[in-house]
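Please keep the sequence and the model at hand while reading.

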Amino acid sequence: MHFVGSLPPDVCGTPRQAMEWITDQVGDHRLTALPCDVDSDWIVAYLRTIAERPAFEVRRPGEYTGYEDMRRYGVRRGHRLRPADVSMEREDVLRRMLEDFRALRAERPELADVRLQLSLPSPLDLAIFVFEGRPWLSLRHLSVFTQATVDEVTAFTPVGGRDVVWQLETPSVLVGMDMAKRLPGGRSLAARLLARQVAGLLGRLPAEAEVILHLCYGNLGNTELVAPRDLGPAVTYLNLLAPALRRHGRALPPVHLPAAYGAHPSPVTEEFYRPLRRLDPEWRIIAGIAAAADPEGGAESLRLLETAAGRRAYSVATACGLGRHTVDQAEQAVAAMAVAADTAPH
């Protein structure tokens with residue numbers, strides 16, 4: 001079972017509580033990794049801190065209650081943006097998470113071979129949300145956000161060693177490809193550029209830094225930005241990313257591929273999963289098919305996904321984190337993951 005990361009606030013008051021909740025929920029199922037992400041709204045806490053940084057000023061107010069309530073920042077006149085200005089500033093937090101994880105693992109024999117999963121928002125996504133509504137500024141300053149991300153992983157890798165896996169989270173891929181489809185050839189061009197961006201980032205990370213790739217359709221307020229018709233865009237992107245990663249000397253990471261989205265359960269039609277027939281055979285798929293709204297349907301979705309892909313799923317998951325769920329809904333979502341995992345052929 002794979003947990004994307006975020007949990008309902010009522011069960012993750014501290015990193016230790018979050019990790020214990022997940023460990024207690026999974027029972028005898030094996031974890032891909034044990035995440036610890038106490039921001040139930042992904043990067044909203046980070047975005048709020050930008051207002052306090054001297055490099056930025058608020059250009060449009062917003063409280064992040066929905067997609068129509070997004071704050072927009074700008075760089076203060078005369079300031080040249082540096083990596084320190086956009087850093088997530090969480091080295092001490094990550095160290096405490098790692099300490100809590102190692103202590104918990106020492107107490108729980110079932111975690112003996114499990115690593116700590118740390119969220120790594122894509123620098124492109126961070127830039128897009130900081131300069132919300134002004135993509136040219138996001139691209140102009142992307143190199144600064146990228147360097148900040150590389151600096152964070154490079155500094156922490158010797159500390160975490162083999163105990164850590166980073167989950168690179170990039171909703172901008174599927175959302176950006178959907179937006180680009182309005183232009184002739186736009187989706188293909190967007191996929192190529194987005195693949196180049198992620199491959200370039202991973203190519204700059206330490207060789208020993210292991211990664212899981214998380215794709216997403218957006219999930220602010222448990223509402224998607226994109227409602228997929230099928231998995232074609234994801235396959236197009238991944239088939240471009242695979243050779244780009246190989247050129248950078250990086251192994252293909254496991255990829256969390258969402259089929260469910262927002263509050264919607266995963267589709268149970270062959271057409272939705274058919275594009276997986278042309279997916280590069282080296283991709284290991286974390287099937288994002290489980291949903292609290294349809295605990296039994298995920299098993300059929302998993303069967304359709306594996307049949308189309310011609311391979312067993314690496315793991316099963318929900319479409320996104322559980323931070324926008326109530327505790328009851330989160331427990332139902334975990335139960336749906338277990339149903340799918342238990343009905344998969346062994």
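Predicted model: local features only at pLDDT ≥ 70, side-chain atom pairs only at ≥ 80, totals over all residues.

Residues are numbered from 1 along each chain as its sequence is written, and side-chain values use heavy atoms, with hydrogens and water left out.

**Aromatic rings**

- The structure holds 7 aromatic pairs; rings of Phe, Tyr and Trp (its six-membered ring) pair if their centres lie within 6.5 Å, and planes under 30 degrees apart count as stacked, over 60 as edge-to-face and the rest as tilted.
- One of these pairs is edge-to-face and joins Trp-42 to Phe-129, with 5.9 Å centre to centre and 80° between the planes.
- Trp-42 lies in the loop between strand S1 (34-35) and helix H2 (44-49), and Phe-129 in helix H5 (residues 123-130), so the pair ties together parts that are 87 residues apart in sequence. Helices (H or I, at least four residues) and strands (E, at least two) are DSSP runs, numbered from the N terminus.
- Phe-129 counts as buried at 18% relative accessibility; buried means under 20% relative accessible area, exposed over 50%, and partly exposed in between (1.4 Å probe, protein chains only).
- The rings of Phe-272 and Tyr-273 also form an edge-to-face pair, because their centres are 5.0 Å apart and their planes at 75°. Both Phe-272 and Tyr-273 are buried.
- Phe-56, Tyr-73, Phe-131 and Phe-145 are linked into a cluster by ring pairs.

**A charge over a ring**

- Arg-284 lies over the face of Tyr-314, 5.6 Å from the ring centre (the criterion is NZ of Lys or CZ of Arg within 6 Å of the ring centre and within 35 degrees of the ring normal).

**Salt bridges**

- The whole structure contains 23 salt bridges, each a side-chain nitrogen of Lys or Arg within 4 Å of a carboxyl oxygen of Asp or Glu.
- Arg-71 and Glu-63 meet in a salt bridge at 3.5 Å, N to O. Arg-71 is buried at 9% relative accessibility, whereas Glu-63 is partly exposed at 41%.
- In the salt bridge of Arg-303 with Glu-300, the closest N and O atoms are 2.7 Å apart. Both residues lie in helix H12 (residues 297-309), 3 residues apart, about one turn of the helix.
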